[in-house]
Amino acid sequence: MNDMSHKSDTQDIVVEEVFPHAPETIWKALTSGALIARWLMEPVGFEPVVGNRFTFRTTPAGQWDGTIHCEVLEAVPNRRFAYSWKGGHESNAGYGSWLETVVTWALESTEAGTRVTLIHAGFEMPRNETAYRNMSGGWNKVVPRLGAIANELN
């Protein structure tokens with residue numbers, strides 16, 4: 001028996017967009033707690049430093065209190081920013097089921113500005129199917145809001 005026999009099927013959300021801003025501008029919008037609160041959710045205890053733990057709050061469900069626990073995993077200024085995204089509860093099915101994922105933002109300078117690639121990775125199927133579906137639509141709305149905040153910074 002090999003390790004692959006125990007691996008669950010996982011899905012990733014990928015959203016890519018080019019914004020007419022320098023990577024430094026996008027980085028500021030990605031790594032300022034006050035700005036994150038405007039395009040995503042208000043982070044509590046946030047600092048863009050590897051190892052820093054912070055939380056977001058959303059709608060509770062069942063045994064889950066709605067807290068999303070995050071830890072900064074990577075912070076390469078103007079290039080890559082990644083954090084864990086964990087929440088939910090084992091006893092919940094559908095919305096609020098246990099979720100253990102990673103959000104990665106990659107910034108690439110282009111002639112038109114900055115290509116922003118968001119990858120929210122590790123949705124275990126079928127357990128996280130509801131989260132995957134809801135967050136796929138959510139991230140497709142959130143990423144343009146990041147661009148709107150970047151517009152204000154220029």
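In which loop does Asn 78 lie? In this predicted model, Asn 78 belongs to the loop between strand S3 (67-76) and S4, and its phi is near 65 degrees, a positive value in a residue other than glycine.

**Helix packing**
- Two packed helices are described by the angle between their axes and the distance between the axes.
- For helix H1 (residues 23-31) and helix H3 (residues 129-153), the axes come within 9 Å and cross at roughly 115 degrees, and the crossing in which H1 passes H3 is right-handed.
- On the H1 side the contact is made by Thr 25, Ile 26, Lys 28, Ala 29 and Leu 30, which meet Leu 146, Ile 149, Ala 150 and Leu 153 of H3.
- Sorted by class, the residues in this contact of H1 with H3 are seven nonpolar, one polar and one charged.

**Largest pocket**
- Rolling a probe the size of a water molecule over the atoms shows where empty space is left.
- The largest pocket holds about 440 Å³ of space, and among the 21 residues that line this pocket, those closest to its centre are Thr 58, Ile 68, Trp 85, Tyr 95 and Met 135.
- Strand S4 (80-87) and H3 each supply at least two residues of the lining, with H3 giving the most, namely seven residues.
- By class, the lining of the largest pocket comprises eleven nonpolar, eight polar and two charged residues.

**Aromatic pairs**
- A pair of aromatic rings is described by the distance of the centres and the angle of the planes.
- The structure holds twelve aromatic pairs, one of which joins Trp 27 and Phe 81 in an edge-to-face arrangement, with 5.7 Å centre to centre and 80 degrees between the planes.
- This pair links distant parts of the chain, since Trp 27 is in helix H1 and Phe 81 is in strand S4, 54 residues apart.

**Backbone**
- Most residues other than glycine have a negative phi, and most peptide bonds are trans.
- Met 125 and Pro 126 are joined by a cis peptide bond, for which omega is about 5 degrees, and Pro 126 is found in the loop between strand S6 (113-125) and H3.

Note on methods
Residues numbered from 1 in each chain as written. Predicted model: local features only at pLDDT ≥ 70, side-chain atom pairs only at ≥ 80, totals over all residues. Heavy atoms only, no water. Axes fitted to C-alpha atoms, helices over the stretch in contact; angles between N-to-C directions. Helix = DSSP H or I, 4+ residues; strand = E, 2+ residues; numbered from the N terminus. Left-handed = near helix turned anticlockwise from the far one by under 90°. Contact = heavy atoms within 4.5 Å. Nonpolar A, V, L, I, M, F, W, Y, C, P; charged D, E, K, R; others polar. 1 Å grid on protein atoms, 1.4 Å probe; cavity = no way out; pocket = protein on both sides within 12 Å on 5 of 7 lines; lining within 4 Å. Points joined across faces, edges and corners; volume = space filled by probe spheres on them. Phe/Tyr/Trp six-rings, centres within 6.5 Å; stacked < 30°, edge-to-face > 60°.
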